[in-house]
Amino acid sequence: MCLRMDTHKYVGPVWSLFRIVVGLLFTLHGAATVFGVFGGNQGKGEALPMGQWPGWWAGLIQLVCGLLVMAGLFARPAAVLASGSMAYAYFVVHQPHALLPTQNGGAEAALYAWSFLAIAVVGAGPWSVDALWRRDRAEVPAVA
């Protein structure tokens with residue numbers, strides 16, 4: 001006898017938790033860069049100077065997109081921007097030093113890029129502001 005667990009009922013909540021955790025971690029990176037909290041930019045205990053290219057702007061993208069993805073608010077466009085920024089970071093900052101992410105220090109950027117691409121494609125999941133808005137719009141009767 002084979003006991004099979006019905007796992008598909010967990011897909012939505014687990015996907016939502018994945019999005020929330022990825023968004024939170026990205027937000028923490030952005031807050032460290034922009035505000036100098038949580039160890040500061042690259043663990044140096046301070047923020048990057050406001051407007052410094054490209055680091056401060058990358059931190060702002062991390063902060064804003066991380067918050068949006070974490071909340072599931074405009075999650076797809078925010079995830080596209082976040083994914084693109086991490087792909088840029090990987091190919092411009094890390095990849096010139098060595099081919100593989102384990103050699104060039106770009107594993108984290110690569111994981112973020114692919115994680116955000118997945119969020120952009122799949123969506124925010126059921127535990128999100130986007131899902132709440134969809135439910136509210138579906139419940140509003142059409143005016144004749």
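This is a predicted model: local features need pLDDT of at least 70, side-chain atom pairs count only at pLDDT 80 or more; totals for chains, interfaces and linings use all residues.

Colleague: What is phi of Phe38 near?

Modeller: Its phi is near 55°, which is a positive value in a residue other than glycine.

Colleague: Which residues does a cis peptide bond join?

Modeller: The cis bond joins Trp53 and Pro54, with omega at about -10°. Pro54 is also found in the loop between H1 and H2.

Colleague: Turning to the packing, at what angle do H1 and H2 pack?

Modeller: The angle is about 150°, and the axes of H1 and H2 are 7 Å apart. Because angles over 145 degrees count as roughly antiparallel, H1 and H2 are roughly antiparallel to each other. The contact involves residues of H1 including Gly23, Leu24, Thr27, Gly30 and Ala31, and residues of H2 including Gly59, Leu63, Gly66 and Met70.

Colleague: How many nonpolar, polar and charged residues does that contact of H1 with H2 have?

Modeller: The contact of H1 with H2 has 14 nonpolar, nine polar and one charged residues.

Colleague: And H1 with H5: how do the axes cross?

Modeller: The axes of H1 and H5 come within 11 Å and cross at roughly 135°. H1 and H5 are therefore oblique to each other. H1 passes H5 in a left-handed crossing. Among the residues in contact are Trp15, Phe18, Val22 and Phe26 of H1, together with Tyr112, Phe116 and Ile119 of H5. By class, the contact of H1 with H5 has ten nonpolar, two polar and two charged residues.

Colleague: What is the handedness of the crossing where H1 passes H2?

Modeller: H1 passes H2 in a left-handed crossing.

Colleague: A change of topic: how much space lies in the largest pocket?

Modeller: About 770 Å³ of space lies there. The largest pocket is lined by 28 residues, and those closest to its centre are Gln42, Ala58, Gln62, Met86 and Ala89.

Colleague: How many residues of each class does the lining of the largest pocket have?

Modeller: The lining of the largest pocket has 16 nonpolar, eleven polar and one charged residues.

Terms used
Residues are numbered from 1 along each chain as its sequence is written. Side-chain values use heavy atoms; hydrogens and water are left out. On a 1 Å grid over the protein atoms alone, a cavity is a set of points where a 1.4 Å probe fits but cannot get out, and a pocket is an open set with protein on both sides within 12 Å along at least five of seven lines; lining residues have an atom within 4 Å of a point. Grid points are joined across faces, edges and corners, and a volume is the space filled by probe spheres set on the points. Ala, Val, Leu, Ile, Met, Phe, Trp, Tyr, Cys and Pro count as nonpolar, Asp, Glu, Lys and Arg as charged, and the others, Gly among them, as polar. Axes are lines fitted to C-alpha atoms, for helices over the stretch in contact, and angles run from 0 to 180 degrees between N-to-C directions. Helices (H or I, at least four residues) and strands (E, at least two) are DSSP runs, numbered from the N terminus. Angles under 35 degrees count as roughly parallel, over 145 as roughly antiparallel, 65 to 115 as roughly perpendicular and the rest as oblique. A crossing is left-handed if the near helix is turned anticlockwise from the far one by less than a right angle, and right-handed if clockwise. Contact means heavy atoms within 4.5 Å.
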